[in-house]
Amino acid sequence: MVVAKGEWRIATLGSHSALQILKGAHDEGFPTIAICKKGKDKPYRQFKVADEILIVQEYTDLFKLEKQLKEKKAIIIPHASFVQYIGHEKMEKLSLPYFGCKKILEWESNRDKEKVWLTKAGLKLPKVFAKPEDIDRAVIVKFHGAGGGKGYFLAKNPKDFYKKIKAHPGKGYVIQEYILGVHMYAHYFHSPLTGETEIMGFDKRYESNVDGIGRITARDQMVLPQEKVDPSYVIVGNIPVVVRESFLPRFIEMGEDVVRESKKIVPKGLWGPFCLECVLTPEEEIYVFEISARIVAGTNPYIHGSPYTWIRYPEPMSTGRRIAREIKIAIEQNRLKEVLG
Ligand code: AMP
C-alpha cells in the first residue's frame with residue numbers, strides 16, 4: 001500500500017485480536033503496522049494484514065519505538081496484550097495517539113474498583129467472600145495475575161477451600177460465588193461521536209479443561225488422576241453465539257449503564273469496544289463477573305461481521321473495522337481528539 005504523506009496509520013501489537021484490527025483498518029483505507037515479538041510475526045505476514053512489521057524482543061519495547069511510530073502518524077489500538085504484558089500503569093505513560101480511554105484500564109485491572117463501577121451501574125454481580133471462613137455456598141477461587149484461568153478451583157465450604165488452596169502457596173486470590181448457568185460474553189462498542197452504545201455480538205469461551213471434562217463419564221472422572229480432572233479455565237478459543245432476543249433490551253441497557261457510570265469515575269468515561277462477561281441462570285438473571293474495557297478476543301469469530309452487525313451495517317463490520325470507522329469519521333469531522341485517550 002502506498003502511504004500518502006501525512007496519512008494516519010493504525011498500529012497494534014501482533015497478538016490477541018490484531019488480525020481483526022489490522023484487517024478492519026485496511027477495510028477502512030488505513031495503512032497498518034504490526035509490532036510483533038520475535039518469532040510471532042508469521043500470522044501477520046501470512047494473512048497480509050500488516051503493511052509494515054516491526055520486530056521487538058519484548059512488548060515493553062513499544063516505548064523504544066515511540067519516536068518512529070510518532071513520525072509514521074501511528075494510532076495505537078489497544079487489546080488485552082497491552083494490559084497483560086505492559087500493564088496499565090506503563091500504558092498511561094505512552095505518548096502515542098491511542099484509541100480509547102487509558103484511565104479506565106486501571107478500573108478493569110483492579111477487582112475492587114471494577115466491583116464499585118459495575119455495582120454503581122446497577123449490574124448484578126456474584127457475591128465476593130472476604131475470607132474463606134465466610135464460604136456458605138459453591139465458590140470459584142480465582143488467582144490474580146496473568147495466568148488466565150489456570151488453576152482456578154471450586155470449593156463448597158471453608159474446609160474444602162483450605163484443602164485445595166494448599167496446591168497454590170503464596171498466590172493472591174479472590175473468592176467469588178460460583179454462578180451455575182451458561183456463559184455469555186456481550187461485546188459492545190460505544191461511539192463518543194454519536195453517543196450510542198452498540199451491541200456488536202456475543203461469544204462463549206472454549207476453556208481447557210473445564211469444557212472437556214463433560215466428555216468423559218463420571219465413572220472415568222473418578223479413576224483418572226486428580227490433577228487431570230481438576231477443572232481449569234485456560235481459554236483456548238471462542239465460539240459465536242446469539243442471545244435469546246428477549247434478553248436484548250437488558251443487554252443494551254447494561255452496556256449503556258456501564259458507559260454512563262464510567263463518566264463519573266474517569267474524565268470522558270469509557271468509549272470504543274468493551275465486553276461484559278456474564279452468566280445467565282435458569283431464573284433468567286444476568287450476572288456479570290468481569291468487564292473488559294477494550295476489544296476482546298471473543299469478537300474474532302466475527303471478522304466478517306456478526307448477526308447483529310449484519311442487521312445494522314450494509315457491509316461486513318467487525319469490531320476491528322468499527323474502531324477504524326470511528327477514527328475515520330473523527331478525522332473527517334475534525335474530531336480526532338475526541339476518540340484518542
Ligand atoms: P475470569 O478470569 O474471571 O475471566 O474467569 C475465567 C473463567 O472462569 C470464566 O470464563 C468462567 O468460565 C469461569 N468463571 C469466572 N467467574 C465465575 C463465576 N462467578 N461463576 C461461574 N463461573 C465463573
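Helices (H or I, at least four residues) and strands (E, at least two) are taken as DSSP runs and numbered from the N terminus. The model is predicted, and for this reason local features need pLDDT of at least 70 and side-chain atom pairs count only at pLDDT 80 or more, whereas totals for chains, interfaces and linings use all residues. Residues are numbered from 1 along each chain as its sequence is written, and side-chain values use heavy atoms, with hydrogens and water left out.

An automatic or database domain assignment supplies the domain bounds. The protein is divided into domain 1 (1-98), domain 2 (128-177) and domain 3 (207-234). Between domain 2 and domain 3, the C-alpha centres are 18 Å apart. Six residues from domain 2 and four residues from domain 3 take part in the contact, contact being defined as heavy atoms within 4.5 Å. Buried area is the accessible area (1.4 Å probe) that two parts lose on being put together, summed over both. For domain 2 and domain 3 this area is about 390 Å², with 58% given by carbon and sulfur atoms. On the side of domain 2, the residues that lose the most area to domain 3 are G149, Y152 and L154, which together give 65% of what that side buries.

A polar contact is a pair of N or O atoms within 3.5 Å; within protein, one must be able to donate a hydrogen and the other to accept it, and residues adjacent in sequence count only if both atoms are side-chain atoms. Two residue pairs across the interface of domain 2 and domain 3 are in polar contact, both at pLDDT 80 or more. By class, three nonpolar, two polar and one charged residues make up the side of domain 2 that touches domain 3. In this classification Ala, Val, Leu, Ile, Met, Phe, Trp, Tyr, Cys and Pro count as nonpolar, Asp, Glu, Lys and Arg as charged, and the others, Gly among them, as polar. Zero salt bridges are counted between domain 2 and domain 3, a salt bridge being a side-chain nitrogen of Lys or Arg within 4 Å of a carboxyl oxygen of Asp or Glu.

Residues are classed as buried under 20% relative accessible area, as exposed over 50%, and as partly exposed in between (1.4 Å probe, protein chains only). In helix α1 (residues 18-27), the buried residues are A18, Q20, I21, L22, G24 and A25. The elements that cover these residues include β1 (9-13), β2 (32-37), α2 (42-46) and α14 (319-332). Helix α1 is followed by G29, which has a positive phi, near 90 degrees.

E108 is located in helix α6 (residues 104-109) and counts as buried because its relative accessibility is 8%. A polar atom of the E108 side chain lies 2.5 Å from the backbone nitrogen of A293. With neighbours within four places in sequence left aside, the contacts of E108 are V83, E114, I291, S292, A293 and R294.

P273, in strand β12 (residues 272-280), is likewise classed as buried, because its relative accessibility is 7%. Residues up to four places away in sequence not being counted, P273 touches F99, Y188, F189, A293, R294, I295, T319 and I323. P273 and F99 are 174 residues apart along the chain, and their C-alpha atoms are separated by 10.0 Å.

Side chains of opposite charge can pair when their charged atoms come close. The count of salt bridges comes to 31. One of them joins the side chains of R244 and E284 (3.4 Å, N to O). This pair links distant parts of the chain, 40 residues apart, with R244 in the loop between β11 (233-241) and α12 (248-265) and E284 in the loop between β12 and β13 (286-292). R244 is partly exposed at 47% relative accessibility, as is E284 at 35%.

Within helix α12, D257 and R260 lie three residues apart, about one turn of the helix. An α-helix has 3.6 residues a turn, so residues three or four places apart point the same way. D257 and R260 form a salt bridge in which the closest N and O atoms are 2.9 Å apart. D257 has a relative accessible area of 22% and is therefore partly exposed; R260 is partly exposed at 39%. The side chain of R260 also meets that of E261 in a salt bridge (3.4 Å, N to O), and E261 is buried, with a relative accessible area of 6%.
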